[in-house]
Amino acid sequence: MSRRTFVNPAKSPDIAARKQPQQKRSERLVADILQAATRVLTHEGAQCFTTARVAEVAGVSVGSLYQYFPNKEAILFRLQTDEWQQTGELLEGILVDSTIEPFERLRLVTRAFFRSECEEAAFRVALSDAAPLYRDAVETIEQRASTARLVMRFMAEVLPDASLTEREMAADVVRTTLAAVGKQVSEEGRSQTEVDNLAESVAEMLCGYLQRLRE
């Protein structure tokens, strides 16, 4: 079932970048800030993440940082956006590939997603811990909606005779399962073989669920 999220603009942080770098020097500055932010988030955690600390690690003034990022939420959201884009492009490339049988695509997506979650696990866990700082922002809601549309396109192919409500429920089950198990896997430090085996088991469970709905 679809859920409607209401956002209170007064409580949503300003996470938009103030300006985009136009020259190589400014591009290097932004890159240094983001690299420093990644180090702070990975090694010190979301609770210790501040603009002053990021500027210190980057070796730049806080004023220089504020030229591009108005607050720590904007930096975190940029890191999250980069991660979303990288993972999203990978998963979309699999899900829309009509040359592959749908259930095989789901298996491939599950494996790719779990592997992605385990790469740079400490960074991803810390980024997840920081999510409450920007999860009600308009940009975050739009990103979730984009992911939901992608999964719904897949559900329309897998469940052509199902109602919209049934497809929405199935999409929610798949997204929630992958997100919850993926987060747990990233926190446990499993080997790639263990991750792949778990991905195969989860994929089989989801495929069985969708097959029953299809029949």
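## Cysteines

When the whole structure is searched, zero disulfides are found, a disulfide being a pair of cysteine sulfur atoms within 2.5 Å. The model is a predicted one, in which local features need pLDDT of at least 70 and side-chain atom pairs count only at pLDDT 80 or more, while totals for chains, interfaces and linings use all residues. Residues are numbered from 1 along each chain as its sequence is written, and side-chain values use heavy atoms, with hydrogens and water left out.

C118 has a relative accessibility of 24% and therefore counts as partly exposed, whereas C207, with a relative accessible area of 4%, is buried. Here buried means under 20% relative accessible area, exposed means over 50%, and partly exposed lies in between, using a 1.4 Å probe and protein chains only.

## Aromatic pairs

The structure holds two aromatic pairs. The rings of F77 and W84 have centres 5.8 Å apart and planes at 80 degrees, so this pair is edge-to-face. Rings of Phe, Tyr and Trp (its six-membered ring) pair if their centres lie within 6.5 Å, and planes under 30 degrees apart count as stacked, over 60 as edge-to-face and the rest as tilted. Within this pair, F77 counts as buried at 9% relative accessibility, while W84 counts as partly exposed at 21%.

F113 and F114 form a tilted aromatic pair, with 6.2 Å from centre to centre and 50 degrees between the planes. F113 is buried, with a relative accessible area of 15%, and F114 is buried with a value of 0%.
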